[in-house]
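These are my notebook entries on a few places I looked up. I went through the annotated positions, then a helix pair, a strand residue and a helix.

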Amino acid sequence: MHSPRCFLSRVGLLPKPGSLPWCATKRPGWSQLFLGSACEGNFTDVIPKKCQRRQKSQKKPSHVGPLDGSWQERLADVVTPLWRLSYEEQLKVKFEAQKRILRRLESYLQKLNGVNVTTSAPRAEGLSCLLHPIIPSYYEVFLRQSPMEPCLLFHEGGYWRELIVRTNSQGHTMAIITFHPQDLRQEELNVQKEAVKKFFTTGPGAVCDLTSLYFQESTMTRCSHQQSPYQLLFGEPHLFEDLLGLKIRISPDAFFQINTAGAEVLYRTVRELSGVNSNTILLDICCGTGVIGFSLAQYASQVLGIELVEQAVEDARWTAAFNGITNCEFHAGRAEKILPQLLKSKEDGHFIVAVVNPARAGLHYQVVQAIRNCRAIRTLIFVSCKPHGETTRNIIELCCPPDSAKKLVGEPFVLRKAVPVDLFPHTLHCELVLLFAR
């Protein structure tokens, strides 16, 4: 849903359309690929040798522009390090990386007594996303003319912080500006809000044609709507996205996958692995706007969603009502607080399929305990954008032998299948969908 090129241009990092290497009419296949290390290993060794030789032997094409060590090329190598590879080669790199993660995870699990690991890694599936064209860097223009300094480091002062740009497939754009108030009085804050509103409505920034502009005062790195409300300066309060035949409402604080077309592939994969039927209760943990639950609602007897962000839960409830989905129920709050009580009320006589799609920090240990100790959960789908991080700890706790000291007394899960889904072309990142059963 979001466009990285759109975001970089708006914050002033991309001054001219066509100035970056990915804007070339043809994809270059030269030079050495810059790839960072992950999972305690370097990804460069999984790039096909043939591709490496071709990159070294080919000359730089003249149509790409001035890329001899330029900041544009260096920025592209950092932000989208796979841009030099064809998409097929990108998928090979990502798939090999996912296999390495799974091998390491499997070796962890095999060291645990009594755990029988059976993994089956299918062929990679991916879908290129539609990228929006570059928008001129009007936010940079605004910052340069503003008397208020940008806030780069909290201890150094400054006011204007980050700009988040969210777009949908219809071309609507929501901009969210974060502002550090420092010691400004409310009257002074109002002056700055009016200035940025005027710039994007009647000033030079009006050409951006924003659908909505939000303003949030924040003294923290990350601040929720409950901690400091998003203030709508003008426009529509929500974005709407069409996905899997549904109209989804999205608030500024709600999570939604950045690649809508790729997300449909992801959710279909979850559906195929879940085995949900009319006798199943689907438990959607960390559900966001509820899209995974909605994609399976017609096959399940009931969908129960849990989400920390209240705006996202409100969006999910609106989406369910608008699309006539009546078997979905959403709970706002911390999963570790809600889940144990929710499972107690549903465990007897029910077959439960659980889907978890946590943030990079993984699942709270109490959530893992609740899932592990609920006998009715026989199938678990774990969707992870960072499987080599805290997810590894979660998986070990789900699959290890019973451990009363850790309150993990339920039957262990067994990893049955892993499906990588490429939601982030031109980058090293990949979603990994893991199927567990017991």
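I call a residue buried under 20% relative accessible area, exposed over 50% and partly exposed in between, with a 1.4 Å probe and protein chains only. The model is predicted, so I note that local features need pLDDT of at least 70 and side-chain atom pairs count only at pLDDT 80 or more, while totals for chains, interfaces and linings use all residues. Residues are numbered from 1 along each chain as its sequence is written, and side-chain values use heavy atoms, with hydrogens and water left out.

Entry 1, annotated positions.
I looked up the UniProt record, an unreviewed entry, which lists Gln257, Glu307 and Asn357 under "binding site". UniProt positions are in the numbering used here, feature names are shortened, and annotations may be inferred rather than shown by experiment. Of this set, Gln257 and Asn357 are in the lining of the largest cavity. A cavity is a set of points, on a 1 Å grid over the protein atoms alone, where a 1.4 Å probe fits but cannot get out; lining residues have an atom within 4 Å of a point.

I found Asn357 in the loop between strand 13 (351-356) and helix 11 (365-373). Helices (H or I, at least four residues) and strands (E, at least two) are DSSP runs, numbered from the N terminus. Asn357 counts as buried because its relative accessibility is 14%. Leaving out residues up to four places away in sequence, Asn357 touches Gln257, Ile285, Cys286, Ile292 and Val383; contact means heavy atoms within 4.5 Å. Gln257 sits in the loop between strand 9 (246-250) and helix 7 (260-274). Gln257 has a relative accessible area of 4%, so it is buried.

I placed Gln216 in strand 6 (residues 212-217). Is Gln216 buried or exposed? Gln216 counts as buried, because its relative accessibility is 3%.

I checked helix 12 (residues 390-399), which is mostly covered, with 7 of its 10 residues buried. Among them are Thr391, Asn394 and Leu398. The buried residues of helix 12 pack against helix 4 (87-110), helix 11, strand 14 (377-384) and strand 16 (431-437).

The contact involves Ala335, Glu336, Leu339, Pro340 and Leu343 of helix 10, and Gln366, Val367, Ala370 and Ile371 of helix 11.

Terms used
On a 1 Å grid over the protein atoms alone, a cavity is a set of points where a 1.4 Å probe fits but cannot get out, and a pocket is an open set with protein on both sides within 12 Å along at least five of seven lines; lining residues have an atom within 4 Å of a point.
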